[in-house]
Amino acid sequence: MRWFCLCLAIAFIGFAQDGPYKVLKTAKVGGAGGFDYVYADDAGRRLYVARGGSQGTPGRVSVYNLDTLELVGEIPNVSAHGAAVSSKSNRGFASSKPAAMWDTKTLAMIKTIDVDGGPDGIMHDPFNDRVYIFSHRAPNATLINAADGSVVGTIDLGGAPEQAATDGKGKLYVDIEDKDNIAVVDAKTMTVTAHYDLAGKGGTCAGLAMDVKNQILFATCRNPQNMVILNAADGKIITTLPIGQGTDGAVFNPNTMEAFSSHSDGTLTIVKENSPTSFVVEQTVQTMRGAKTLTLDRKTGHILLIAAEYAAPPTPPKEEAKGGRGGRGQMVPDSFSIVVVGK
């Protein structure tokens with residue numbers, strides 16, 4: 001019976017791997033410091049990775065050529081979780097404290113911006129050229145005018161935000177990790193107009209993507225490990241599909257009608273939207289353990305993820321016996337990598 005179950009598991013893994021996507025390239029770019037989000041400026045052909053300070057190395061935003069993955073420059077002395085770019089204003093921003101603002105053409109720092117809370121996630125909304133900096137504590141969202149870096153206002157989202165999506169027409173959707181719902185935001189009035197309850201279908205949601213044309217939201221959740229697919233107009237849940245463990249990001253490619261969810265277990269789940277009411281797990285791609293955040297290069301259709309190698313955790317035997325995880329070991333020097341997935 002044990003061998004039968006093992007064969008079934010192997011068969012399932014093999015089936016899940018079958019599909020058009022594969023790891024095209026793994027670039028070990030190295031560098032010290034932690035990391036969280038990754039952002040592709042597909043118009044400017046640059047990739048932004050915020051790196052935290054470590055062992056005497058100050059925090060910075062590393063900037064890579066999106067096509068070659070070669071380092072082209074850095075925004076120094078910035079300890080942030082993520083970055084975002086306004087192509088209209090040619091300005092870049094980092095979710096640091098204070099927030100950083102730079103010229104995307106020269107990478108020269110323009111100014112720092114005082115923000116409250118604990119900056120974490122970040123998103124640019126082209127609707128009114130504003131940057132949203134999200135915080136797990138109040139204020140949950142700080143809005144910045146991308147043209148001049150002025151603070152426009154703040155929004156109480158009713159909980160801890162993770163990822164957000166915009167329809168580009170004045171509505172934003174933000175997954176609230178600790179409340180298992182999605183906040184609907186009116187970008188004009190800077191107010192929350194609704195909360196879409198995920199009703200136990202998904203909890204601790206950390207990724208959110210949107211099919212703008214069909215008004216479909218894809219919320220990726222950790223407990224249960226589901227992608228909850230719902231109608232953006234009224235919050236009605238359409239279906240749920242299983243994903244990997246430890247999701248921390250989602251993107252949607254309107255050219256292929258596919259949603260992607262990245263996970264710390266080293267898998268990438270790809271969901272195909274056959275119609276606004278029909279969805280299926282198309283493929284599961286093995287990427288790199290710890291590659292829990294992702295970004296989409298809309299020009300090439302490539303998915304880019306970031307991760308690093310870690311030494312074995314120094315877990316005392318008694319903690320292992322109790323079932324404890326024992327923490328994570330030290331990052332292997334210069335093992336930080338960019339993983340490119342595509343067809």
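These entries record what I looked up in a predicted model.

**Basis.** I worked from a predicted model in which local features need pLDDT of at least 70 and side-chain atom pairs count only at pLDDT 80 or more, while totals for chains, interfaces and linings use all residues. Residues are numbered from 1 along each chain as its sequence is written, and side-chain values use heavy atoms, with hydrogens and water left out.

I took helices (H or I, at least four residues) and strands (E, at least two) as DSSP runs, numbered from the N terminus. Strand β14 covers residues 161–166, and six of its six residues are buried (under 20% relative accessible area; exposed is over 50%, partly exposed in between; 1.4 Å probe, protein chains only). I found β14 paired with β15 (residues 171–176) in the antiparallel sense over four bridges; pairing requires at least two bridges found by DSSP. Ala165 has Tyr173 in β15 as its bridge partner. The two strands form a hairpin with four residues between them, and Gly168 in the turn has a positive phi of about 75 degrees.

**Entry on the disulfide.** I noted one disulfide in the structure (a pair of cysteine sulfur atoms within 2.5 Å). Cys205 is joined to Cys221, S to S 2.0 Å. The pair links distant parts of the chain, from strand β18 to strand β19, 16 residues apart. Both Cys205 and Cys221 are buried.

**Entry on Phe336.** I located Phe336 in the loop between α2 (317–321) and β28 (337–342). Phe336 counts as buried because its relative accessibility is 0%. Beyond its neighbours within four places in sequence, its contacts (heavy atoms within 4.5 Å) include Ala27, Phe35, Tyr64 and Ile306.
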